Amino acid sequence: MEVAMPIFLGLLGSLVIGTSDFFARYVARRNHAATTAATGLIFATSAAVLVASFGPGGFLRTDYLFGCASGIASGTALALLYRGLAVSSVAVVSPIVAVMLGAVPMFWEVVAGTPLTKGVLTGVIVALFGLAVTTFDPALGDRVKQGVVLGFTSGLCFGIGLVFMAQTTVEGGLWPVVGQRSTAFIILIGFCTARGLPRFVRGHMLRFSAAAGILGSIGVLCYTAGFQRGSVTAVAIAASLFPIPTAVLAATFDNDSLRWWQIAGIGIVVAGIGLIAKG
């Protein structure tokens, strides 16, 4: 149970984050990526405050500051991700982001002196391979280079942000998520103002931004609760599966294709997560 719960929280967070990114992609194709992210973070911060207020634990300054540090990295990562999803393809950007999101926290945990068991390491390799298979699409055209650059930098920032969140404690509750979301919002609003970009999405797009922001915040809440209760690597790998729901939703509602090997890849990912859970 102690092993399964953090992984479950990571998987739940991935499902919610993947859905959030689907809505955000829709908005980012019609608005600047920074504007899209900034608008979503208004709703994300509000949702985080509400959940943290009634959740376990209490406000701890050190944990909150870790959340703010994560917000600097995450705000940058969100803008880069949304830009990548808008100008390139989910099949290019998402697997790179996912691999970096899982690899950076794993590297940190190893450097910090936490050994990885053979079962966990095997599960990580299997899950990442399945993820790459799931999100691969050969029909990419000239969108590859932009997607690779944006995906790598976004994934690196996301991974760093998760490492900061992993330093928080159960006693600090979910207030670090408030610090993360609000800090990211301030950074993106400042960026939009400095660049002369619209700061907020308007019109009927606002409802999609709200959905993306609220779901994104719930996803980060799940990740944080998982980090506070279990292995950083296990939760991070589970967290890196967010491209799967994005790809499925895009194929169902946005005319993207879901190939046979992508369906097979989902099965491989599930097998990898099972190996991680068994340790």
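Aromatic pairs come to six here, counting rings of Phe, Tyr and Trp (its six-membered ring) with centres within 6.5 Å; planes under 30 degrees apart are stacked, over 60 edge-to-face and the rest tilted. The model is a predicted one, so local features need pLDDT of at least 70 and side-chain atom pairs pLDDT 80 or more, while totals for chains, interfaces and linings use all residues. Residues are numbered from 1 along each chain as its sequence is written, and side-chain values use heavy atoms, with hydrogens and water left out.

Take F59 and Y64: their ring centres sit 5.1 Å apart with the planes at 45 degrees, so this pair is tilted. F59 also pairs with W175, this time edge-to-face, at 6.3 Å between centres and 70 degrees between planes. Because F59 is in the loop between α2 (33-54) and α3 (61-87) and W175 is in helix α7 (residues 175-195), the pair ties together parts 116 residues apart in sequence; helices here are DSSP runs of H or I, at least four residues, numbered from the N terminus.

Elsewhere, F22, F23, Y26, F208 and F253 make up one aromatic cluster. R30 lies over the face of Y26, 3.9 Å from the ring centre (the cut-offs are CZ of Arg or NZ of Lys within 6 Å of the centre and within 35 degrees of the ring normal).

As for disulfides (cysteine sulfur pairs within 2.5 Å), the structure has zero. C157 is in none, and the nearest cysteine sulfur, that of C192, is 16 Å away. C157 is buried at 17% relative accessible area, and C192 is buried at 0%, where buried means under 20% (1.4 Å probe, protein chains only).

Key: Helices (H or I, at least four residues) and strands (E, at least two) are DSSP runs, numbered from the N terminus. Buried means under 20% relative accessible area, exposed over 50%, partly exposed in between (1.4 Å probe, protein chains only).
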